[in-house]
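Below is a set of questions and answers on one protein model. Please keep the sequence and coordinates at hand while reading.

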Amino acid sequence: MKKVFLTIVLFATSFIAHSQEKKEAVLTQAEQFSAQAGLLIEKQFLDVGKVNSVKLQIMSIKDLNSNTVKTALRFEYDYKSSYTSDTKVATLDKDELDALIVSMKNLQTNVYPTTRDNYTEVTFKSRTGFEAGSYFDIGKGWKSFLKLEKFDKNSMIFFNNEEFITLIPLLEQAKLKM
C-alpha cells in the first residue's frame, strides 16, 4: 500500500511540476541576434508610417564589434484602457514580411470580394505569434485585425478593410528599406 501511495504522490508531483513549466517566447532572428551575449549592440528605429494607431518601424540591430547588421519590421501599438496603459510590440523578420505582403494581397483580391454562409476567419500567423487577418461576420461583412502578441487580447487592433489594405504599401516600402 505504501508503494502505491508513494508512486501516486511522485506521479502527481512530477505532473504538477511539468504543467507549471513556462514556455519560452519564440524570438525573431533579429531578436535572437540582439540577445546574444558578448556583442556591443546598437538599435536604430526608422519610422515607416502609421495606420489606425499602429506604428510601423524598421528596427536595425548592429553589432558594433563586427559590423554585422540584422533588420526587422516592428509594429507598435499603445493600448489604453480606463485602468491601464501598455505598449504592445510585434517584430517580423524579412522572410515573414514577404509572406505577410502576399497574404494581405490575397485577402484584398480573393477574400474581400466574397461572402460566406458561416462565420469565417482567414489568418496569417508568424512564428512569434503575430497575426493579421479578417473574419466574416454574417450580415456585417469582412472585418480586419492585427494581433501583435499571441496570448494578449489587448494587443488586438481592428480595422475596416480600406484601412487594413493601406498597410500593404507601407509593408512594401519597409521591405525595400530592409
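Buried means under 20% relative accessible area, exposed over 50%, and partly exposed in between, with a 1.4 Å probe and protein chains only. The model is predicted: local features need pLDDT of at least 70, side-chain atom pairs count only at pLDDT 80 or more, and totals for chains, interfaces and linings use all residues. Residues are numbered from 1 along each chain as its sequence is written, and side-chain values use heavy atoms, with hydrogens and water left out.

Q: What share of the residues in the protein is buried?
A: The protein has 178 residues. Its accessible surface, computed by the Shrake-Rupley method with a 1.4 Å probe where for residues only the protein chains shown count as cover, comes to about 11,400 Å², and 54% of that belongs to carbon and sulfur atoms. The buried share of the residues is 36%.

Q: What pattern does the secondary structure follow along the sequence?
A: Helices (H or I, at least four residues) and strands (E, at least two) are DSSP runs, numbered from the N terminus. There are five helices and eight strands. Read along the sequence, they give α-α-β-β-β-β-α-β-β-β-β-α-α.

Q: Which residue of strand S7 is the bridge partner of Gly133?
A: Two strands pair if DSSP finds at least two bridges between them. Strand S6 (residues 131-137) runs antiparallel to S7, and seven bridges join the two. They form a hairpin with three residues between them, and Gly139 in the turn has a positive phi of about 90°. Within S7, the partner of Gly133 is Phe145.

Q: Which residue of strand S8 is the bridge partner of Lys147?
A: S7 also has S8 (residues 156-159) as an antiparallel partner, with four bridges. S7 (residues 141-147) is largely enclosed by the rest of the structure, because six of its seven residues are buried. In S8, the partner of Lys147 is Met156.

Q: Within what arc do the buried residues of helix H5 fall, seen down its axis?
A: Helix H5 (residues 167-177) has Leu167, Ile168, Leu170, Leu171 and Ala174 as its buried residues. They line one face of the helix, because the directions from the helix axis to their C-beta atoms fall within an arc of 165°.

Q: Is Arg74 buried or exposed?
A: Arg74 lies in strand S3 (residues 68-80). A polar contact (N or O atoms within 3.5 Å; within protein, one must be able to donate a hydrogen and the other to accept it, and residues adjacent in sequence count only if both atoms are side-chain atoms) of 2.5 Å joins its side chain to that of Glu76. Leaving out residues up to four places away in sequence, Arg74 touches Gln57, Met59 and Val89, among others. Its relative accessible area is 16%, so Arg74 is buried.

Q: With which side chain does the side chain of Gln57 make a polar contact?
A: Gln57 is in strand S2 (residues 54-63). Its relative accessibility is 6%, so Gln57 counts as buried. At 3.0 Å, its side-chain partner is Asp47.

How values were computed:
Contact = heavy atoms within 4.5 Å.
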